[in-house]
Amino acid sequence: MKTIVCFILLFLSTQFHGQSHGVIGKWNTIDDVTGKVISVVEIFEHNNKIYGKVNEIFNPKSRNRVCENCTGDDKNKAILGLTVIKGLVKEGEEYCNGKILDPKSGKLYKCYITLEGTDKLKVRGYIGISLFGRTQYWERLK
């Protein structure tokens with residue numbers, strides 16, 4: 001009987017541990033060309049939607065940059081602290097129906113994100129349909 005109780009407790013603890021590793025948290029963004037970490041984006045939930053803001057920039061020359069090419073409320077805002085993932089909602093295993101901002105170009109793209117394991121996040125920005133876009137893989141900050 002003790003063995004069965006221990007097994008059930010172990011099973012339940014692994015289930016809860018796995019659920020705690022959702023998309024919420026801090027993620028290293030990886031440069032497509034160099035493979036180096038360029039920033040940290042903190043993903044958080046607000047009013048049942050998912051957002052992400054730039055929490056850290058590793059290149060000292062880029063830390064004080066502003067989003068010159070952005071439009072609307074993001075125009076000339078500091079990139080450090082800027083919300084770059086906007087209003088994603090969960091549908092099954094995917095977070096979608098929101099936008100992602102490219103601070104370099106100032107352009108907003110449709111976006112979806114999905115977990116690929118507990119420490120890898122697939123981030124896809126696209127125009128129109130998801131076939132026309134770009135995918136990045138972010139790593140959970142340890």
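This is a predicted model: local features need pLDDT of at least 70, side-chain atom pairs count only at pLDDT 80 or more; totals for chains, interfaces and linings use all residues.
Residues are numbered from 1 along each chain as its sequence is written, and side-chain values use heavy atoms, with hydrogens and water left out.

Let me begin with the overall fold. Eight strands, in the order β1-β2-β3-β4-β5-β6-β7-β8, form a closed barrel with antiparallel pairing, where strands are DSSP runs (E, at least two residues) numbered from the N terminus, and two of them pair if DSSP finds at least two bridges between them. From one strand to the next the twist averages 30°, an angle taken between N-to-C directions on a scale from 0 to 180 degrees, with axes that are lines fitted to C-alpha atoms. As one example of the pairing, strand β2 (residues 37-46) and strand β3 (residues 49-57) run antiparallel and are joined by eight bridges, and S39 stands opposite I57 in β3.

Leaving aside residues up to four places away in sequence, C111 touches several others, among them L88, Y95, V123 and Y126, a contact being heavy atoms within 4.5 Å. Y95 is 16 residues from C111 in sequence, and their C-alpha atoms are 8.4 Å apart in space.

K26, in strand β1 (residues 25-30), counts as partly exposed at 36% relative accessibility. Its contacts, again without residues up to four places away in sequence, include V40, N55, E139 and L141. The C-alpha atoms of K26 and F44, which are 18 residues apart along the chain, are separated by 8.8 Å.

Turning to the charged pairs, how many salt bridges does a search of the whole structure find? The search finds four, a salt bridge being a side-chain nitrogen of Lys or Arg within 4 Å of a carboxyl oxygen of Asp or Glu. One of them joins D74 to K86, with the closest N and O atoms 2.7 Å apart; this pair links distant parts of the chain, since D74 is in the loop between β3 and β4 (83-91) and K86, 12 residues away, is in strand β4. D74 is buried, with a relative accessible area of 11%, whereas K86 is partly exposed at 22%.

D119, R140 and K142 are linked in a network of salt bridges. Between D119 and R140 the closest N and O atoms are 3.2 Å apart, and because D119 lies in the loop between β6 and β7 and R140 in strand β8, the pair ties together parts that are 21 residues apart in sequence. Between K142 and D119 the corresponding separation is 2.6 Å, and K142 lies in the segment after β8, so this pair ties together parts that are 23 residues apart in sequence.

Conventions:
Helices (H or I, at least four residues) and strands (E, at least two) are DSSP runs, numbered from the N terminus. Buried means under 20% relative accessible area, exposed over 50%, partly exposed in between (1.4 Å probe, protein chains only).
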